[in-house]
Amino acid sequence: MKKNGPWLLWLVATVALTFASLCVAQTQGEGSEETRWFSVESLNTGLGEAPGGVKRITPRDAIRSFLALTKNGKFEAAAHILNLSELSPADQRERGGELARKLSEVLKRGEWLDVSNLPGRQDAAIEDPSGQHPQAGEPRRNLKLASLKAKGEIYDIRLGRYRVGNEEPIWLIMPDSVSSVPLLYEDYGPSLLEQYIPERFKASFGVLKIWEWIAIPVFLLVVGLVGWATYHLLGLMARWLPSGAPSIFAGRVKVPAALIVMSLVSQMLLDYVVSFSAVVTTSFRVLLIAILAWGAGTVALRLVDTLMLRMTRRLMGQIDDTKPRDERKLLTTLYALRRIIILITVTAVSIYVLSQIQLFESLGISLLASASVLTVLVGIAGQAVLGNILSSFQLSLAKPIRIGDLVMFEDQWCYVEGIFYTFIRLRCWNERRVIVPVTYFVSKPFENLSVKSTKECRSLELILHLSADIECLREKFLEYAQEEDSVIEHHKLCCYVTGQTERAQTVVCYLMTSDPFAGWIAEMNVRERLMTFIRDNHPEWWPREVTVISEHDVARVESPEGSSRHGAG
């Protein structure tokens, strides 16, 4: 008996564990049923049995069946896909068909609904072979079909999965969504114009109705005429206004202003006059918002461009470092503001368009799975462009250069003529234009000759014979330099011997000039006048070579005969 004791204990423990596991499994199973469907006692008792053509097993079948039934005018049958539990049986029978009809109109004109994107499984579980989605494989009991805005509020159209007793679960439009149908119908129902359209034109022809194929060209023609009138009206204003910045601005904003007016008129017509199908309305609204944002951004750019043009005309002629520093600084800031406006406009339009076409929702979590690959590809492809854009903003903030600054870049004298998103335009001294990528410019050392002051100290060098009279040369240099208009600070003029050899000496003259380019001209003028003075008055000051042909000093000649004898020897 003692030998069998341990075996009995093991047997009792095994039975207990098995029983506990079954209880846990049953509890989990009951809990999972609560997440798979809504358990109800009855559904749409006032409607009776659902016709044979009504399919409600999967979300895709339910919505596809609802659209097909309402398209054929079978609204009473389509009401079986609505959960009318908030209505009494009598109201279900009386109002069910009308609610189905109104909901079909809302779905047609509201958010663009793609039935093929709805789950085709009974439990609506997300199928993700990659396993990246955190809810992959988990059953769902409610889905969002669309989100529509009415009276300033957002209303969701949702599908729910319901089970009555032991019957098979079915998918229906949830009661909260059904209760919001009358309110949504006021905004998304047929327009006043459609009440006068004959019934034969309301038949479908392809993806649109017959009347829509006729109304869309008329709609575009009306909007085009409004844009044409706006364009010519602004043209007349540009001619009527006095010449100057207002007339230039009016002439430059004709196209964007016409597009803005066309967008606003189109939006008004869609809201109050005509209501197209969802596919047309969604496409129109996305396009109109993009055009409106582009037009507003373009008008802002034209305003900045007009201000820049006005400043350029005020500065008179080509911009260089002789113009007022504050105005050149403001012009540089306007260039930066122009780039910021472009960036904000492009970013805002891109974000809105992507949100409206629901690109991320349609692609789903697969974007996240390939995010690293896309990041690498975009980084490689756009590295140069993004680098130039960031560098241009760096220049705008730090301002190591300004519009009109004179810089020495790669041994060339250049004026900064424009700072753009990806490049800098430089005007060389010989009127050539050098286009330099921003990243290349900021990565190379350059000398800004206008960063503090435009004045520059110039120097000219002369090689003269050791017998040259430096004091005489210094007096002539001071005389010639003081006669130059661009030479300033005359007390700093100086002339010194900076070196010598056995045959010549080096003389350097220094002069302060008002700006680098004028200083270069002054240096050339003074050099030419000094050379002319030496040539005409003291040619012996030029350095010359001395050749020794014997041990005697041939430079000391006693007589012509002796010179001839030494030369002959």
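How are helix 2 and helix 4 oriented to each other: roughly perpendicular or roughly parallel? Helix 2 (residues 59–71) and helix 4 (residues 89–109) pack at about 105°, their axes 10 Å apart, so they are roughly perpendicular to each other (the label covers 65 to 115 degrees). Axes here are lines fitted to C-alpha atoms over the stretch in contact, with angles from 0 to 180 degrees between N-to-C directions; helices are DSSP runs of H or I with at least four residues, and strands are E runs of at least two. This is a predicted model, where local features need pLDDT of at least 70, side-chain atom pairs count only at pLDDT 80 or more, and totals for chains, interfaces and linings use all residues. Numbering starts from 1 along each chain as its sequence is written, and side-chain values use heavy atoms, leaving out hydrogens and water.

On the helix 2 side, F66, L67 and T70 make the contact (heavy atoms within 4.5 Å), and helix 4 answers with A100, L103, S104 and L107.

Some of these residues turn up again in the core. The largest nonpolar core has 35 residues, and I63, F66, L82, L103 and I173 have the most contacts inside it. Such a core is a set of buried Ala, Val, Leu, Ile, Met, Phe, Trp, Tyr and Cys residues joined through side-chain atoms within 4.5 Å, buried being under 20% relative accessible area with a 1.4 Å probe, protein chains only. Helix 4 gives the most to this core, with five residues. Leaving aside neighbours within four places in sequence, I173 touches I63, I81, L82, N83, L103, L145, R158, L159 and V178.

Note on methods: Parallel < 35°, antiparallel > 145°, perpendicular 65-115°, else oblique. Buried < 20%, exposed > 50% of the residue type's maximum accessible area, 1.4 Å probe, protein only.
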